[in-house]
Amino acid sequence: MAGFREYKIGARIFGLALSGSMSITLFFPSINIASTASTDMALAKQLAVGHETGFNLDDPFLKGKNKPLVVSLKADPKTGQPLAQQQTVFVYNAGTTFPAGILHPRILGTGVEELSVQQGHIEDARKDAGAVFAINKAVYQGKQVSYIEDLTTIKGWTPDDVMKVAKDEDVSHAGAGKTMFVREGCWWCHTLLPEETQDWQVFGAPPMQGDFNGESPTAFGSDRKAPDLLHVGSRNSSREWMMMHFFNPRLVQPHSIMPRFDYLWGEKDASGNTIDYAKWRSEYNDYREGKRVTPPEVPSYASNSEIRSLIDFMLSLK
Ligand code: HEC
């Protein structure tokens, strides 16, 4: 009799575990992730990085082509008058593919979709003419929501207008920089995903649901051998440090295992002079052997170099 009762308890526990696991299997796929409203982070990320990063027809050799530019606008592009408040805009030159949220507003999520279409007029944006987007805020059903605006439709600002008033230092090539991040395999060592553990004390807040709407690929990374980089621009915003560290990580972290990425400087430096890598390395070896007191100086990069894009991307990770 006693044994029989234990079988009954066991059978109930088994039934509970099985139905629990079945309901997870059946219920989870029915959650509509697209109904989660995009956060500010998701909107800014997809507008800065544009459509699909990586190997595709728009950029088969992963050169960072077909990517938008992020501009800190200080003057009105129509009148040239200084703006009362600096404004961030996302410039899609004619022919640049729009990000998923513009092509399929449904994935922006509840509220963001309605505002972006009705007030932001994103469906009027045309790839062949190019467009200038911005993020704005409005109240939707009693809640403050961020949404995308097409300023080409709303204000008549064209990509050319904006690029005419923008100085080079106000322009970020973060979108092309993400291509460099993917192409160079930074994700073998670095994650872009602080975990829901004590991780956040070092690497900053773990992301929220809705932070990734429209981003492709997310480049989370899986196996971490190096610091998480999701918020690296908040803890280290020095362009000079980034330059030294990418040219040769040992210049700033003597025992770093990170490879050098000096070749991303390309052939010419900022003044158009050919970079003599062999000379640099032999001087660096002299420094390591104690024959020089200081390491050779890292060349300043050309404004259209790949390293510029990569550093712009790093500093955009706030
Ligand atoms: C072989 C592994 C490896 C690869 C590949 C690698 N890194 Fe690193 N990275 C490290 C390690 C280890 C550190 C920590 C030591 C240091 O600062 O060099 C680091 C540090 C950094 C830091 C400073 C992080 C901080 O917290 O301040 C940045 C930024 C960075 N890496 C960016 C990159 C980028 C971008 C790429 C690809 C172009 C890359 N890394 C590729 C291993 C790697």
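Visitor: Which strands do the six bridges join?
Guide: Six bridges join strand S1 (residues 69-75) to strand S2 (residues 82-92), and the two run antiparallel. Please keep in mind that this is a predicted model.

Visitor: Which other strand is joined to S1?
Guide: S1 is also joined by two bridges to strand S5 (residues 171-172), again in an antiparallel arrangement, and here valine 70 has serine 172 in S5 as its bridge partner.

Visitor: OK, so what is the order of the strands in the open sheet?
Guide: The open sheet is formed by five strands in the order S4-S3-S2-S1-S5, with antiparallel pairing. S4 and S5 are the edge strands, since each of them pairs on one side only.

Visitor: How many bridges join S2 to S3?
Guide: Three bridges join S2 to S3, which run antiparallel, and phenylalanine 90 has phenylalanine 133 in S3 as its bridge partner.

Visitor: What stands opposite phenylalanine 133 in S4?
Guide: Aspartate 150 in S4 stands opposite phenylalanine 133. Strand S3 (residues 131-140) is joined to S4 by eight bridges, and these two strands run antiparallel. The hairpin of S3 and S4 has two residues between the strands, and glutamine 141 takes a positive phi near 45° in that hairpin.

Visitor: How much of S4 is buried?
Guide: Strand S4 (residues 143-150) is mostly covered, with six of its eight residues buried.

Visitor: Let's go back to phenylalanine 90. What is it in contact with, leaving aside its neighbours in sequence?
Guide: If we leave aside the neighbours within four places in sequence, phenylalanine 90 is in contact with Leu47, Ala48, Pro68, Val70 and Phe133. Phe90 is also listed among the residues with the most contacts inside the largest nonpolar core, which has 57 residues; the others in that list are Val89, Val91, Val132, Phe133, Val162 and Leu310.

Visitor: Where does this core lie?
Guide: The core lies between domain 1 (40-175) and domain 2 (180-316), because both of them give residues to it.

Visitor: How far apart are the C-alpha centres of domain 1 and domain 2?
Guide: Those C-alpha centres lie 26 Å apart. The contact takes 21 residues from domain 1 and 18 residues from domain 2.

Visitor: Which helices supply the side of domain 1 that touches domain 2?
Guide: Helix H2 (40-49) and helix H3 (100-103) each supply at least two residues of that side, and H2 gives the most, with six residues. The residues of the side of domain 1 that touches domain 2 divide into ten nonpolar, eight polar and three charged.

Visitor: Changing topic, is helix H7 mostly covered or mostly uncovered, and what covers it?
Guide: Helix H7 (residues 174-183) is mostly covered, for eight of its ten residues are buried. The buried ones are Ala174, Gly175, Ala176, Gly177, Lys178, Thr179, Met180 and Phe181, and what covers them includes H2, S1, S5 and helix H12 (306-316).

Visitor: What follows H7?
Guide: H7 is followed by glycine 185, whose phi is positive, near 70°.

Visitor: Which residues of helix H10 are buried?
Guide: In helix H10 (residues 239-247), Met242, His245, Phe246 and Phe247 are buried, and H12 is included in what covers the buried residues of H10.

Visitor: Is glutamate 297 buried or exposed?
Guide: Glutamate 297 is exposed, because 10 other C-beta atoms lie within 10 Å, and a residue counts as exposed with 12 or fewer. Glutamate 297 lies in the loop between helix H11 (277-288) and H12. Between glutamate 297 and proline 207 there is a separation of 90 residues in sequence and 38 Å in space, taken C-alpha to C-alpha.

Visitor: Last one: how many residues surround the ligand?
Guide: The ligand is surrounded by 22 residues, and the closest are Cys186, Cys189, Ala226, Ser256 and Met258. The shell around the ligand divides into 15 nonpolar residues, five polar and two charged.

Technical notes: Residues numbered from 1 in each chain as written. Predicted model: local features only at pLDDT ≥ 70, side-chain atom pairs only at ≥ 80, totals over all residues. Near = placed C-beta within 6 Å. Nonpolar A, V, L, I, M, F, W, Y, C, P; charged D, E, K, R; others polar. Buried ≥ 20, exposed ≤ 12 C-beta atoms within 10 Å, placed from the backbone. Helix = DSSP H or I, 4+ residues; strand = E, 2+ residues; numbered from the N terminus. Pairing = 2+ DSSP bridges. Domains from an automatic or database assignment. Contact = placed C-beta atoms within 7 Å. Core = buried A, V, L, I, M, F, W, Y, C linked by C-beta atoms within 7 Å.
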